[in-house]
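Dear colleague,

I am passing a structure on to you, together with some notes on what turned up when I went through it. Please read the notes with the coordinates open beside them.

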Amino acid sequence: MGVFEDVDENTKRKIVKVWEKMDDKNKDFFVDQVALAMSIWGSDELGKSFIAKILGKMMEDGSENLSDFGLYVESILGEADKREDKVKKAGIIIDDYRLRNALSSVPHKEIEF
């Protein structure tokens with residue numbers, strides 16, 4: 001059973017489309033943030049499932065750039081079981097990373113009027 005098995009096909013397609021539209025710099029920011037998070041909470045199946053949950057929440061919220069990942073880390077609090085403290089720690093460290101790299105503090109979304 002893969003960690004993206006619970007993610008519906010439409011959400012998976014959105015993730016791929018967002019990735020394809022991103023420039024290389026934002027792709028690097030996304031990869032760095034995921035690597036930081038997984039180094040803290042683990043790269044086992046549970047840690048990987050956190051990534052899938054966060055990406056799902058990002059697509060549900062309408063994020064148009066995966067480099068927004070760090071803004072959504074704490075969205076899985078309450079679902080992180082025994083790793084709540086590690087999720088909080090990852091959130092703090094990724095927030096620092098985002099500040100050092102002058103990344104936006106709000107998700108990249110198209111505002112609908």
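This is a predicted model: local features need pLDDT of at least 70, side-chain atom pairs count only at pLDDT 80 or more; totals for chains, interfaces and linings use all residues.

Is Ser 67 buried or exposed? Among the helices, confidence is lowest in H3 (residues 45–61), where the mean is 93, and highest in H2 (residues 24–41), where it is 96.

Ser 67 lies in the loop between H3 and H4, and the residue is buried, because its relative accessible area is 1%, under the 20% cut-off. Apart from neighbours within four places in sequence, Ser 67 is in contact with Met 22, Asn 26, Phe 29, Phe 30, Gln 33, Arg 98 and His 108.

The largest nonpolar core has 24 residues, of which Trp 41, Ile 54, Met 58, Leu 66, Phe 69 and Val 73 touch the most other members. Two or more residues of this core come from each of helix H1 (9–21), H2, H3 and helix H4 (84–100). If neighbours within four places in sequence are again left aside, Val 73 is in contact with Trp 41, Ile 54, Val 87, Ala 90, Gly 91 and Ile 94.

Two helix pairs deserve a look. The axes of H2 and H3 come within 9 Å and cross at roughly 140°, so these two helices are oblique to each other, and H2 passes H3 in a right-handed crossing. On the H2 side the contact is made by Phe 30, Val 34, Met 38 and Trp 41, and on the H3 side by Gly 47, Lys 48, Phe 50, Ile 51, Ile 54 and Leu 55.

For H2 and H4, the axes come within 9 Å and cross at roughly 150°; these helices are therefore roughly antiparallel to each other, as angles over 145 degrees are counted that way. This crossing, in which H2 passes H4, is right-handed. The residues of H2 that meet H4 include Phe 29, Gln 33 and Trp 41, while those on the H4 side include Val 87, Ala 90, Ile 94 and Arg 98.

Finally, a backbone detail: most residues other than glycine have a negative phi, yet Ala 102, which is not a glycine, has a positive phi of about 55°. Ala 102 is found in the segment after H4 and is exposed, with a relative accessible area of 69%.

With best wishes

Technical notes. Residues are numbered from 1 along each chain as its sequence is written. Side-chain values use heavy atoms; hydrogens and water are left out. pLDDT is the predictor's confidence in each residue, from 0 to 100. Helices (H or I, at least four residues) and strands (E, at least two) are DSSP runs, numbered from the N terminus. A nonpolar core is a set of buried Ala, Val, Leu, Ile, Met, Phe, Trp, Tyr and Cys residues joined through side-chain atoms within 4.5 Å. Buried means under 20% relative accessible area, exposed over 50%, partly exposed in between (1.4 Å probe, protein chains only). Contact means heavy atoms within 4.5 Å. Axes are lines fitted to C-alpha atoms, for helices over the stretch in contact, and angles run from 0 to 180 degrees between N-to-C directions. Angles under 35 degrees count as roughly parallel, over 145 as roughly antiparallel, 65 to 115 as roughly perpendicular and the rest as oblique. A crossing is left-handed if the near helix is turned anticlockwise from the far one by less than a right angle, and right-handed if clockwise.
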